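Subject: Structure handover

Hello,

Please find the structure below. My notes on what was found in it follow.

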Amino acid sequence: MLLILIAATISIFIAVWLERKVSAAAQQRIGPEYIGPLGALQATADGIKLIFKEDINPAKADSILFTLGPALVVIPVFISYLVVPFGQNMVITDLGIGIFLWIALSSITPIGFLMSGYSSNNKYSLLGGLRATAQSISYEIPLALAVLAVVMMSNSLSTVDIVNQQAGYGILSWNIWRQPVGFILFWIAALAECERLPFDLPEAEEEIVAGYQTEYGGMKFGLFYVGSYVNLVLSAMLVSVLYLGGWSFPVPVEVLAGTLGISETTPWLQVITAALGIMMTLIKAYFLVFLAVLLRWTVPRVRIDQLLDLGWKFLLPVALVNLLLTAALKLAFPFAFGG
Amino acid sequence: MLNFLKQVGDYAKETVQAAKYIGQGLSVTFDHMKRRPVTIQYPYEKLIPSERYRGRIHFEFDKCISCEVCVRVCPINLPVVDWTFDKATKKKTLDHYSIDFGVCIFCGNCVEYCPTNCLSMTEEYELAAYDRHELNYDSVALGRLPYKVTDDPMVTPMRELAYLPKGVVDPHDLPEGSRRAGKLPQEILAEIEASKPAKTEQASD
């Protein structure tokens with residue numbers, strides 16, 4: 001558990017640094033550069049500032065719910081790291097219902113949003129909380145359906161099995177080629193779940209100040225901040241697990257070892273394979289984070305009606321068709337789509 | 001049935017088009033990442049204010065004749081001129097003079113109309129204070145001269161806002177260390193110095 005906490009915290013630093021630097025570059029700025037090498041410790045400085053700020057409870061707020069809200073948003077996200085695999089045996093728990101656990105946990109966070117929005121006793125907070133809940137609930141369904149199509153192909157809910165099923169022919173056997181629609185659906189829905197920019201209505205500062213975060217300050221706000229970045233990294237990792245072959249190298253390591261004439265059981269090769277697995281998962285995940293940041297400065301925010309239209313009238317039918325098509329293809333070509 | 005298929009086809013076409021436009025937008029954003037930063041790194045780099053910059057007002061106590069023209073031309077009668085009439089010399093003597101820069105709009109009318117030129121504009125613009133009452137400058141504070149940007153060893157003075165070298169339009173792939181447009185004051189001075197001896201030689205010939 002401690003390991004997850006440390007890994008997730010470091011992943012936030014990298015994600016925050018990446019977000020700030022890429023945003024700066026996209027706007028022809030330099031970005032943070034004085035705190036740490038290339039401004040890498042900017043997130044630490046922000047974190048320390050937030051820890052030392054006064055912990056304020058608004059006078060008319062419901063103090064129990066107000067405190068419970070941020071905790072309920074952050075904890076499920078951290079627990080979800082349990083099922084993210086970095087290698088064949090580099091996963092904290094290889095649950096039989098792995099990916100389902102993540103979907104179940106991610107539907108707890110909207111309750112936290114609603115709690116904090118309601119208990120702040122502020123109209124903007126309430127609006128933000130309601131928006132967050134509506135958004136999370138409507139995008140959960142296409143998300144789950146996209147995952148279901150992948151699960152159907154690999155005959156397992158376990159994240160390790162899903163990656164292993166993509167391992168055979170290197171980059172060619174990754175799920176992205178068999179599930180291109182599912183990949184795009186999942187990524188859009190995951191961005192909406194993380195409240196990233198094209199879908200950041202719950203905290204749209206031009207409309208509703210900061211949504212459910214309006215009344216929060218100090219470390220309670222810090223928890224929301226941490227939660228959103230951990231969630232982004234987590235979603236990116238799950239996209240790489242589900243569609244981009246997880247820890248697998250574009251060319252299978254076994255094939256490489258075979259051509260070089262090295263036995264697969266050589267200890268140093270196994271160490272290298274494990275290190276390569278972690279590297280590949282992280283590279284894929286941070287590439288997707290980079291894509292999300294780039295998307296943030298490209299696409300304007302959607303309106304709430306457009307958001308719900310996109311969720312219910314576009315993503316849901318497309319996800320259903322994708323699921324049915326996958327089922328049909330699985331029956332027709334069991335060798336290519338999992339027997 | 002056919003109508004329905006046509007609708008589905010049109011919808012798919014629109015979706016593809018939308019995706020194409022988002023892709024184009026992404027390529028534009030990505031292209032920006034390879035460009036040169038436009039920003040001036042403020043506390044370490046500062047723009048040299050232009051010749052007619054209307055900054056904080058400078059006041060010379062001894063030149064003032066307490067005529068109160070500055071008060072009359074001021075849109076909000078801001079300058080406070082405190083004088084007493086000296087019966088012996090039959091002249092007004094100035095006791096205190098102050099301008100509140102928290103209220104001043106830096107229009108420069110007082111500078112324009114001052115008959116003895118005791119008011120003038122400086123290039124100072126960093127007036128931040130912890131208390132708004134600190135912005136109420138008295139005659140001593142008004143008499144201080146600002147520190148020049150070009151004299152500050154910590155600051156790299158910038159001549160112009162343009163972020164590309166002169167004549168360059170493309171912000172990509174600039175050679176390392178290529179400078180913004182505009183010369184620095186010391187460079188202009190050096191150039192004048194360099195061209196001077198040549199002129200004196202010509203004159204002597």
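Chain A exposes about 15,200 Å², of which carbon and sulfur atoms supply 74%; accessible areas come from the Shrake-Rupley method with a 1.4 Å probe, and for residues only the protein chains shown count as cover.

Some conventions come with the file. This is a predicted model, in which local features need pLDDT of at least 70 and side-chain atom pairs count only at pLDDT 80 or more, while totals for chains, interfaces and linings use all residues. Residues are numbered from 1 along each chain as its sequence is written, chains are lettered from A and ligands numbered from 1 in the order in which they are written, and side-chain values use heavy atoms, with hydrogens and water left out.

Overall form. Chain A has 14 helices and 0 strands (DSSP runs numbered from the N terminus: H or I of at least four residues for helices, E of at least two for strands). Along the principal axes, the C-alpha atoms of chain A fill a box of roughly 70 × 45 × 40 Å.

Packing. Of the 339 residues in chain A, 51% are buried (under 20% relative accessible area; exposed is over 50% and partly exposed in between, with a 1.4 Å probe and protein chains only). Among contacts in chain A (heavy atoms within 4.5 Å) between residues at least 6 apart in sequence, 78% join residues at least 24 apart.

Cores. The largest nonpolar core has 72 residues, and A:Y81, A:W102, A:F186, A:V230, A:L242 and A:Y243 touch the most other members (such a core is a set of buried Ala, Val, Leu, Ile, Met, Phe, Trp, Tyr and Cys residues joined through side-chain atoms within 4.5 Å). Helix α11(A) gives the largest share of this core, 11 residues. Not counting residues up to four places away in sequence, A:W102 touches A:S80, A:L143, A:F186, A:L234, A:S235 and A:L238. A second, separate core of 24 residues includes B:I57, B:C64, B:V71 and B:V81.

One residue in detail. A:I176 is found in helix α8 (residues 175-178) of chain A. With a relative accessible area of 17%, A:I176 is buried. Leaving aside neighbours within four places in sequence, A:I176 is in contact with A:F183, A:Y243 and A:L244.

Regards
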